[in-house]
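Visitor: Please show me the model. I would like to ask about pockets, helix packing and backbone geometry.

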Amino acid sequence: MHINKFLITALCLGGCLAIPQAQAEQNKALKVCAAEDEMPYSNKAGEGFENKLAELVGKALNRKVEYVYWSDPRYYIRDTLDKGLCDVAIGVDKGDPRVLTTQPYYRSGYVFISREADNLDLKNWDSEALRKAQRIAFVPGTPPEVMMKAIGRYNDMFNYSQELVGFKSRRNQYIKYETSKLVSEISSGHAEIASLWGPSAARYVKASTTPLVMTMIPDDNVRADGQKVDFHFSTSMGVRKNDSTLLAQLNKVIEDHRDEITELLEAEGIPLVAEPDAP
């Protein structure tokens, strides 16, 4: 009888501790690593689509969302997430080696953007319109730059590309290209074509007073040496490598609220493609 009483007491204590711990976890704020001014993803005013996704996740976990803002995308994982200042990065590449990544919550790609009235026949990087265009807007360091070199148009656009720089820090040589500015190059008629990451451009394409067309670039591109150049990428959420508990919770949120997440992304105008292993 003494053993049974001991077991019952131990079980009771375990149960009594578990309930307050679970409540404490729910009451704990979900600290989100977020860009202070990196639209259309996020800003301090909460206007980005990743701000909306963060609020959706917080509501699903019954946790208040608090933001920890960063200004330089190159170091934010090291300086915020790794240091425990925040818990989750809403948008990272699937399989990012710096973090544990959830299952992807969307997949998108780079697009061609042109004016609807121009009726350009833009299908892939072999399209004749790309060879005739006087100005093509793109962000250096991205897959479109690789393909601009592959089709022999990179040097033609070098000086124009320098005009598109929106911000440069002399201290660390961080160069920023504003997607909104590049889209406006097309709507204003200053350039004929832009090749940009779809999720970063969608909001501005949708808001343009000049009707614009986004054409998804196929994911079958190869550079001059025959090596494949990826144009479609899957986006996940990232947590610290030792936080498997939060990882599991986020995976469940993505699974349970996939329709809501997709609806939010589609409302933003983001072009979506199926995961490679999806039926």
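The questions and answers below take these topics in turn.

Guide: This is a predicted model, in which local features need pLDDT of at least 70, side-chain atom pairs count only at pLDDT 80 or more, and totals for chains, interfaces and linings use all residues. Residues are numbered from 1 along each chain as its sequence is written, and side-chain values use heavy atoms, with hydrogens and water left out.

Visitor: What volume does the largest pocket have?
Guide: On a 1 Å grid over the protein atoms alone, a pocket is an open set of points where a 1.4 Å probe fits, with protein on both sides within 12 Å along at least five of seven lines. Points are joined across faces, edges and corners, and a volume is the space filled by probe spheres set on them. For the largest pocket that gives about 1400 Å³.

Visitor: Which element gives the most to the lining of the largest pocket?
Guide: Lining residues have an atom within 4 Å of a point. The largest pocket has 45 of them, with Glu38, Tyr41, Pro73, Trp197 and Ser200 nearest its centre. Elements are DSSP runs numbered from the N terminus: helices (H or I) of at least four residues, strands (E) of at least two. The most, 5 residues, comes from strand E5 (residues 88-93).

Visitor: How many residues in the lining of the largest pocket are charged?
Guide: Asp, Glu, Lys and Arg count as charged; Ala, Val, Leu, Ile, Met, Phe, Trp, Tyr, Cys and Pro as nonpolar; the others, Gly among them, as polar. In this lining 26 are nonpolar and 10 polar. The charged residues number 9.

Visitor: Which element gives the largest share of the lining of the second largest pocket?
Guide: The second largest pocket holds about 220 Å³. Its lining includes Tyr106, Arg258 and Leu265. Strand E7 (106-115) and helix H10 (258-268) each give two or more residues. The largest share, 3 residues, is from H10.

Visitor: Are H2 and H10 roughly parallel or roughly antiparallel?
Guide: Axes are lines fitted to C-alpha atoms, for helices over the stretch in contact, and angles run from 0 to 180 degrees between N-to-C directions. Helix H2 (residues 49-61) and H10 pack at about 165°, with axes 11 Å apart. Angles under 35 degrees count as roughly parallel, over 145 as roughly antiparallel, 65 to 115 as roughly perpendicular and the rest as oblique. H2 and H10 are therefore roughly antiparallel.

Visitor: Which residues of H9 does H2 meet?
Guide: The axes of H2 and helix H9 (residues 244-256) come within 10 Å and cross at roughly 105°. The two helices are therefore roughly perpendicular. Contact means heavy atoms within 4.5 Å. Leu56, Val57, Ala60 and Leu61 of H2 meet Leu246, Gln249, Leu250 and Val253 of H9.

Visitor: How are H7 and H8 oriented to each other?
Guide: Helix H7 (residues 179-187) and helix H8 (residues 198-207) have axes 9 Å apart. Their packing angle is about 50°. H7 and H8 are therefore oblique.

Visitor: Which peptide bond is cis?
Guide: Most peptide bonds are trans. Proline 40 sits in the loop between strand E2 (37-38) and strand E3 (42-43). With omega near 15°, the cis bond runs from methionine 39 to proline 40.

Visitor: What is the phi of asparagine 62?
Guide: Most residues other than glycine have a negative phi. Asparagine 62 lies in the loop between H2 and strand E4 (65-70). Its phi is positive, at about 55°.
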